[in-house]
Amino acid sequence: MDEQATTRTKARYNRLAAIYDLQEAVLERLAFSHWRERLWSRVEGKRVLEVGVGTGKNLPYYPEKARTVAVDLSDKMMAQAKRRAQRLGVKADLVLMDAQRLAFADSVFDTAVGTFVFCSVPDAVAGLRELGRAVKPGGRIILLEHVRVNKPVIGRLMDLLDPLVVRMMGPHINRVTTENVKNAGLNIESIEELAAGGLVKMIVAGTQGDQVDAPSEDPDGTSLR
Ligand SMILES: C[S@@+](CC[C@H](N)C(=O)[O-])C[C@H]1O[C@@H](n2cnc3c(N)ncnc32)[C@H](O)[C@@H]1O
């Protein structure tokens, strides 16, 4: 585990926490909120895990009949999530925790969710492997993620701009999340492209079953990100 990268990620989100909702307000209203609703309509079971809860934008969609545990690395983001949960009257267990080393036993959750998180988790494959461990056999991992666009010029541009964007805004913009999910030993059940060019995807994966044909975001890449 890259401890320094994890510390840097936490510090970045602690810095961003106060302005995070404002920074995303327009996109949230136009697109993200609809995609969140779509994702949560697919969540099943009584035990649900959300990793990287952030300021708690998914709280309004938590299933009423489930017990949801939500974790995040950043105490400042988590403080916002706690305030939002209180304001909305949503009951959930909000806990500071690193997705790369979840403090849960194996096979505890029916569904695990992450929205715009594996662009930021330093070792995305380790985090995804942890989700696979924490969900029950037959359970699902549902992700909403922006990823590297698989087009020669745009993809390369995203690679070039990535270090700058990470420093200024927090997330990586060139993550190959489909590859990362596969490399975490998860089986992709479906991928839905939500934004043009496959920039945003809803990825549904499980620990069992068949892998669907899921093209990489960077088929010519030599290293995984
Ligand atoms: C771009 S924000 C997304 C927040 C929220 N999921 C949303 O949809 O608005 C990414 C979040 O992931 C959290 N995060 C990054 N690395 C993490 C890790 N290793 N473990 C837990 N949370 C992490 C950050 O602190 C931040 O709150």
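Let's start with a helix on a sheet: α4 (75-88) lies across β2 and β3, running at about 170° to β3. Helices here are DSSP runs of H or I with at least four residues, and strands are E runs with at least two, numbered from the N terminus. Angles run from 0 to 180 degrees between N-to-C directions, with axes as lines fitted to C-alpha atoms, for helices over the stretch in contact. Contact means that the C-beta atoms of two residues, placed from the backbone, lie within 7 Å.

This is a predicted model, where local features need pLDDT of at least 70, side-chain atom pairs count only at pLDDT 80 or more, and totals for chains, interfaces and linings use all residues. Residues are numbered from 1 along each chain as its sequence is written.

**The sheet**
- Seven strands make an open sheet with mixed pairing, in the order β3-β2-β1-β4-β5-β7-β6.
- β3 (93-96) and β6 sit at the edges with a single partner strand each, so one side of each has no neighbour in the sheet.
- From one strand to the next, the twist averages 15°.
- Strands pair if DSSP finds at least two bridges between them; β1 and β2 do this in the parallel sense over five bridges, and Arg-47 has Arg-67 in β2 as its bridge partner.
- β5 and β7 run antiparallel and are joined by seven bridges, with His-146 standing opposite Val-200 in β7.
- β6 (residues 187-193) and β7 also run antiparallel, joined by six bridges, and Ile-188 has Ala-205 in β7 as its bridge partner.
- The hairpin of β6 and β7 has six residues between the strands, and Gly-197 there takes a positive phi near 75°.

**Another helix on the sheet**
- α5 lies across β1, β4 and β5, at about 145° to β5.

**The nonpolar core**
- A nonpolar core is a set of buried Ala, Val, Leu, Ile, Met, Phe, Trp, Tyr and Cys residues joined through C-beta atoms within 7 Å.
- Buried means that 20 or more other C-beta atoms lie within 10 Å of a residue's own, all placed from the backbone.
- The largest core has 48 residues, of which Ala-112, Leu-128 and Ile-141 touch the most other members.
- Elements that each supply at least two residues of this core include α3 (25-40), β4 (109-115) and α5 (124-134).
- Leaving out residues up to four places away in sequence, Ala-112 touches Leu-49, Val-51, Leu-131, Ala-134, Val-135 and Ile-141.

Technical notes. A residue is buried if 20 or more other C-beta atoms lie within 10 Å of its own, exposed if 12 or fewer, and partly exposed in between; C-beta atoms are placed from the backbone.
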